[in-house]
Amino acid sequence: MVHNQIVVVSAEESMSIQPIGSPSAMRLRFGPFELNVAERSLTKASQLIPLGGRAYDILIALIENAGDVVPKSELIAKAWPDVTVEEGSLRVHLSALRKALGDGQFGNKYIANIQGRGYSFIAPVARLPVEANAFSGLSNLPPALGRMVGRNNVVAEIRQLLQTKQRLITVLGAGGIGKTTVALSVGHGASADFSGAAFHVDLSTIGDGEHVVGAIASALGLDPRFVDCTDALLDFLRSRRALIILDSCEHVIAKAAEVADCIVQEARDVYLLVTSREILKVEGEQVFHLPPLDCPPDRLGLTASEVLAYPAARLFAERVSARGGSFSLTDDEAPMVAEICRKLDGIALAIELAAGRAAVFGVRNTVAKLGSRLDLLKFGRRTASPRHQTLKATLDWSHDHLSEAERIVLRRVAIFVGHFSLEAAFAIAEQGEIGRPEIENAIEKLVNKSLIVAWPSYRRMLYRLLDTTRSYALEKLVAGGEHNSTAARHASHLSHSLEDSRNSLFDLEPGLSPADEVQHYLGDVRAALEWSFGPDGNDGAAIRMAAAASQLFLAKSLFVECRRWMERAIDRIAADCDPREQMEIHASLALSLMFTAGNSERVRDAFNTALTFADRHEDAYQQLRLLSGLSMYLHRIIDPAGSLDVALRAESVANKTGNPEDMALADSMLGAAYYMLADHVRAPKYLERALHRPPASRRFNATQYLFDLRTTSLFNLTRSHWFAGNLDRAVGYAERTVEEARRSDHPIALCRAHILTVPLYFWIDDLEQVERSLSGLELAAEKHSLDPFRAVAMGLRGRYLVRAGQIAAGIRHLRDSLERLRALRYEMLVTDFVSELAVSLARRNERAEALALVDGSIATQLGSKRPLHLPALFLAKGMALVSEQARELGAAQACFEEAMTLAGRQSALSFELRAGLELARLWIDRGQGRKARDLIAPIYGRFTEGFATPDLISARQILEQAGIGVLQTGRLAAASSRATA
């Protein structure tokens, strides 16, 4: 496939560009920019250009009609399909779009304003061929499983079904018949039809239906750790086009059918190709019965060429050659190969296993042994299908030809759900009668006999049993009475492995993709947990396994699952349980509860219980880890005094260890606490010191998403400098906050960075940056099902709508957000939303509700001793009181004066100025201009930066109207020159 061919289209010719939604028009180039429509990404020299969601909609609409004039009404309908907005909102987003493109700079012109008609995209457009992977970094289709024999017509037929809009196709067949091979071949062939968005979901590695949604999400690149419901997956898929292969559904058929049905109904451009031994029984399901490979007939005198005309025989011959070197089928052997293929009913796996035997024992010996076994099975279980009987016969026959050591190793390693290493095999299989040399030799032979699959990885060789072989070997394990003892060793091995790898849980196996690595490792962990908590396990094993597994769940942010196992473990804890395991379980429960059940008292209680164990053992690492988590909880419920107490405890522990990383963590916690206490003098000192200490190692990586030292320090510095009036520095820190959070590649860090920096951009009226950040927040919160951040995003969207003139819609968003945040006890931006909502209600003459809302919040802050947001609340109350009725102006003036007083005590210069400006406007309206200017001048004079921001511009205008300008200190002149520069 050629990827470097570019079709250049002039602005006039571009009117004939195919619709943007068509596969051939998914990547477009203009000037130095490349637009990937499917991914909604704009890049320049491989650098991503951030754009808000509305700006993307506008850009796509313009390019789709390049050379034509697109009316403003049409652009508004494209960007705001569900709401009514004014043209001002369109102008805001067009301005952001032009700024991102550098429109008009260096002679580059992209968007023309056609007076009175609309806008037109006037630059030449180049349409690029679609890359092999339209979901950049997400499509996970594995390589086809070797050369496919005899299935080309089948693949073509299934592809034809896809092209005729059959959106749910189930490839039905017996185990080992080749369903996965066919499905992957279809996926590769149809990939171009889906712009490269073809995904493989291997369900064979999950233990029950509970994990089906997570497995699909993982394969799609949608982080499964946050996906707790099908709705989140559907939200992600609704606007996307893709082919998803759900492979090996039979053991989770009910849940697979439920999820498949939801996807078909809700995601109209997503196609499903299912492989299963059982149909889904879902409306719209097209069942394709995969037949066995065609076998040579039972006829005398067949020659080698005649036998090899049948795909079953060709597969046999190719697999023998692969195992034993060159293999040339003779006319004498041809009838025997035909007999093997017929007796194996053309089942691909059975033929491959037989071919492996033929490579060792020869064709004649193989057909004799196999025939004997099949004759015996004629008297077997009548209810089993002939194909299942035949495949079991093949496995039985293969098993009979194993040495005793090979049999022992095969059945014992069958306990592994996914991949396993040689070291893991030693831990499980090694006992008195068999040692490591015998195990290693047995695994090598089992690989050669196709009973174990070798899987090369980055660091070492991994191994896995095929699903059918594993099921067979597990039956042997149970029949031999070894299942419980092997499961106990399996759980013990995993618990020790997890404890040993506690500091490297983010890098379990670099040779696998992150999704595969997590899925395979988790499959074994879950199986071990199920056994430990089951009737054959015991309390000690259950507690030990839960404590060990908790860090894996937390490291992968599988909060829901972690919470469930920890709650089950707490019910099993006895007085003689290991205190460290009890501490780990309570700590993990606290951490997982925060993101699944809100900030309840259970979180605090669990942290305190865990801290009791850590303090008792004077474990500094665990003390700091738990204190940092408790600090995060206290930030979320806005408890300044508690936050300071916890930070001081952390400082005491860090002083004892003398570790610079511990001191940096304590400094970050202290800086955050002082910020919450509205001490904008001490807060930046601690936060700056935390940032300049040596960088943190992986020591705290299991909790870095809860109290990430750098991100937390940066966003608290952003807000502290903003409050203190250091606006240029605040903007710089805001940019660093988001950039470092983005580099951390963790959604919680990114969401926190956005929600705590967006309010600054509202303050300085940078609505373009608000839209960009808000779009990123909404996408991350939706993608990872982070309910608290979704609620915050809703409130921020409400603020944005209010600023864009959509007051009613904004009020609805703000009310809904406040209701959800209070239910979750997530208080971080509640006062921001209360202030915005109160002022918006007052502007709609709903002052009684507005005042009740803001008075309630003020009372809460005073009662809880939360000083930080009081200036903003009194400012909002004053703005709600301002009206034409003179009797209310006095009350408004009092509120503005109180806001100024509180801000002055906190050194919150930004709020002092804004409250002063509101008060000055009241006085100017009364003709008291001199009094207004005397109020503003000293406040303005204390600023040293941020002179291009709206409040300082307004202050300067008031002073210049009075002729103060440069009269006394020269500061104002310098300020004006800086602003001009």
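## Lining of the second largest pocket

In this predicted model, helix α35 gives the lining of the second largest pocket its largest share, which amounts to six residues. The pocket itself has a volume of about 640 Å³, and of the 28 residues that line it, Trp763, Arg799, Arg803, Met879 and Arg914 are the closest to its centre. Two or more lining residues are contributed by each of α29 (709-724), α31 (747-763), α33 (787-803), α35 (830-843), α37 (870-881), α39 (909-925) and α41 (950-961).

Sorted by class, the residues around the second largest pocket comprise 14 that are nonpolar, eleven that are charged and three that are polar.

## The largest cavity

Three cavities of 30 Å³ or more are found when the whole structure is searched, and the largest cavity has a volume of about 170 Å³. Its lining consists of 17 residues, and those that lie nearest the centre are His635, Ile638, Tyr675, Met676 and Met828.

Helix α29 provides the largest share of this cavity's lining, with four residues, while α25 (620-636), α27 (660-676), α29 and α31 are the elements that each supply at least two. By class, the lining of the largest cavity holds ten nonpolar, four polar and three charged residues.

## Surroundings of Ser817

Ser817 belongs to helix α34, which spans residues 807-824. With a relative accessible area of 0%, Ser817 falls under the 20% cut-off and is therefore classed as buried. A polar atom of the Ser817 side chain lies 2.7 Å from the backbone oxygen of Ala791, a separation within the 3.5 Å limit used for polar contacts.

When neighbours within four places in sequence are left aside, the residues in contact with Ser817 are Ala791, Val792, Met794, Gly795 and Phe833.

## The protein as a whole

The secondary structure of the protein comprises 42 helices and 17 strands. Of its 981 residues, 57% are buried, and the protein exposes about 39,600 Å², of which carbon and sulfur atoms supply 50%.

Definitions and conventions:
Residues numbered from 1 in each chain as written. Predicted model: local features only at pLDDT ≥ 70, side-chain atom pairs only at ≥ 80, totals over all residues. Heavy atoms only, no water. Buried < 20%, exposed > 50% of the residue type's maximum accessible area, 1.4 Å probe, protein only. Polar contact = N/O pair within 3.5 Å; in protein donor to acceptor, adjacent residues only side chain to side chain. Contact = heavy atoms within 4.5 Å. 1 Å grid on protein atoms, 1.4 Å probe; cavity = no way out; pocket = protein on both sides within 12 Å on 5 of 7 lines; lining within 4 Å. Points joined across faces, edges and corners; volume = space filled by probe spheres on them. Nonpolar A, V, L, I, M, F, W, Y, C, P; charged D, E, K, R; others polar. Areas by Shrake-Rupley, 256 points an atom, 1.4 Å probe, with all protein chains shown as cover.
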